[in-house]
Amino acid sequence: MTDAEAYDRGFARLTAHTAGLLVASMACDRALRLLDAGCGTGVVTAAALAAGAEVTAVDVDPGMVALTARRNPSATVRPAALPELPFDDEQFDAIAGNFIINHVPDAAAALTELHRVLRPGGTIGLTWWKADEMTATGVIADAIAAAGVPYEPPVRSFTAHDTPERFAALLARAGFSRISVEDVRWRHRVDLAAWWADIVRAGGPRFAVIGRQPPEVVERVRACYLRLAAPYEREGFPVCAHLAHAHR
């Protein structure tokens, strides 16, 4: 289980950059029923509630579910994981998935399930990282390698679909139409030491290897990270995400 508080201090602040864009693309109003699929610590849930939507949020991690529910008492928050959602067909007017489609074990099955629970004419917005422009975490992976720690990052099947063209084709095969994909670039400005501490403490699958090392090895990786991250201290880490928008 991920440390939800550490995730919220660290990675969630990075993902929050696209939350408003997702919500704005769906023209939320008080009649709109929105599903936040893979809500994490609730950055999209909070943005959608503020825009007036009726929000249901789901996540596989119990800590994330508890934190999102505590912070957003007017939302319906429950545990669930794609590709099996506990909802009737055509239940939602809109679906937002902020950096969840790149984590699911089967993206095609997940999109089919999201299509099922979305009403005809409804909208879906999904984001995922452009891997070769994800400096904020890439620098940590580079630090692990520079420190000489044996490391095999988790294999993700989503890599086969991670270009805008391939993902648009996957959306079309799931039954979606009027598909568009845009790139969103920004600089993630953080305190470098705090970013390291929160990413490592969160304990996610990609960097859990650091926490399993002896203290002297952890410190060696940290020293490599601080050296590699130093050029980004003033202007922030350059990152890029893809944002797909489609209709049922």
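**Figure 1. Contact of helices α7 and α9 in the predicted model.** In this predicted model, A136, T137 and I140 of α7 meet W195, W196 and I199 of α9. The residues of this contact comprise five nonpolar and one polar, with no charged residue. Helix α7 spans residues 135-146 and helix α9 spans residues 192-202; the two pack at an angle of about 75 degrees, and their axes lie 12 Å apart. Angles of 65 to 115 degrees count as roughly perpendicular, and α7 and α9 are therefore roughly perpendicular to each other.

**Figure 2. The largest pocket and its lining.** Rolling a probe the size of a water molecule over the atoms shows where empty space is left. The largest pocket holds about 1,400 Å³ of space. It is lined by 49 residues, of which F99, N102, H103, R156 and P205 are the closest to its centre. By class, the lining of the largest pocket consists of 30 nonpolar, 13 polar and six charged residues. At least two lining residues come from each of the helices α2 (11-15), α4 (43-50), α7 and α9. The strands β1 (33-37), β2 (54-59) and β5 (118-129) likewise each supply at least two residues of this lining.

**Figure 3. The open sheet of seven strands.** The strands follow the order β3-β2-β1-β4-β5-β7-β6, and their pairing is mixed. Strands β3 (76-79) and β6 (177-188) form the edges, each pairing on one side only. From one strand to the next, the twist averages 15 degrees.

**Figure 4. Pairing of strands β1 and β4.** Strand β4 covers residues 92-98 and runs parallel to β1, to which it is joined by three bridges. L34 stands opposite A94 of β4.

Figure 5. Which residues does the cis peptide bond join? The bond links L82 and P83, with omega of about 10 degrees. P83 is found in the loop between β3 and β4. E90 lies in the loop between β3 and β4 as well. The phi angle of E90 is near 55 degrees, a positive value in a residue other than glycine.

Terms used: Residues numbered from 1 in each chain as written. Predicted model: local features only at pLDDT ≥ 70, side-chain atom pairs only at ≥ 80, totals over all residues. Heavy atoms only, no water. Axes fitted to C-alpha atoms, helices over the stretch in contact; angles between N-to-C directions. Helix = DSSP H or I, 4+ residues; strand = E, 2+ residues; numbered from the N terminus. Parallel < 35°, antiparallel > 145°, perpendicular 65-115°, else oblique. Contact = heavy atoms within 4.5 Å. Nonpolar A, V, L, I, M, F, W, Y, C, P; charged D, E, K, R; others polar. 1 Å grid on protein atoms, 1.4 Å probe; cavity = no way out; pocket = protein on both sides within 12 Å on 5 of 7 lines; lining within 4 Å. Points joined across faces, edges and corners; volume = space filled by probe spheres on them. Pairing = 2+ DSSP bridges.
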